[in-house]
Amino acid sequence: LRGEPVPRSVRLLRWVERALAPQPSQPVQLREAQRTAAAWIAISCLGVGIRHRDYAALRVLSTILGSGFASRLFTEIREKQGLAYQVSSSYPTRVGPTTLTLIAGTDPQNQTRVFELMQREVASLRDTPVSDAELERARNRVIGLHAIDHEDLRNQAFYLGWYELLG
């Protein structure tokens with residue numbers, strides 16, 4: 001693959017991603033009522049792609065907020081408050097803009113409180129420096145999950161193709 005010319009459709013992918021990426025000028029809140037036993041909350045913001053100098057920092061920030069049992073969202077919302085079935089964050093790897101998304105599943109009567117707590121944790125991260133220990137724990141988690149994810153042969157094959165697309 002590496003020696004062959006890149007198909008035009010792949011080269012256009014970056015342009016298409018940039019053109020389709022929403023860039024709101026102010027926060028947008030969408031609510032969709034469904035008849036379910038749980039309320040799901042997702043808070044997203046636009047982030048940078050893998051080639052941007054801030055990508056790694058945002059990856060670690062996502063981990064601090066919502067990856068694993070030691071994350072801030074899990075500790076505060078699920079462990080201490082007992083208000084959520086699940087809390088997490090994601091920051092997918094993309095060439096173009098991507099999203100940092102915080103997710104929580106809770107009882108409908110708790111959704112306002114969980115939403116407020118999620119916002120409070122983001123504000124706390126903005127206003128208070130991360131300790132060296134928390135930063136090191138998050139960095140090690142990112143590195144460790146990456147290593148584990150690349151042990152499986154199917155994932156290795158997937159990532160060879162994925163990284164080729166990313167350039």
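The structure holds 5 aromatic pairs, where rings of Phe, Tyr and Trp (its six-membered ring) pair if their centres lie within 6.5 Å, and planes under 30 degrees apart count as stacked, over 60 as edge-to-face and the rest as tilted. The model is predicted: local features need pLDDT of at least 70 and side-chain atom pairs pLDDT 80 or more, while totals for chains, interfaces and linings use all residues. Residues are numbered from 1 along each chain as its sequence is written, and side-chain values use heavy atoms, without hydrogens and water.

Tyr55 and Tyr91 form a tilted pair, 5.5 Å centre to centre with 35° between the planes. This pair links distant parts of the chain, with Tyr55 in helix 2 and Tyr91, 36 residues away, in the loop between strand 2 (86-90) and strand 3. Helices (H or I, at least four residues) and strands (E, at least two) are DSSP runs, numbered from the N terminus. Tyr55 is buried at 10% relative accessible area, and Tyr91 is buried at 3%; buried means under 20%, exposed over 50% and partly exposed in between (1.4 Å probe, protein chains only).

Tyr159 and Tyr163 form a stacked pair, 5.5 Å centre to centre with 20° between the planes. Both lie in helix 6 (residues 153-166), 4 residues apart. Tyr159 is buried at 17%, whereas Tyr163 is partly exposed at 34%.

Val114 is in contact (heavy atoms within 4.5 Å) with Ile41, Ile77, Leu83, Ala104 and Thr106, leaving aside neighbours within four places in sequence.
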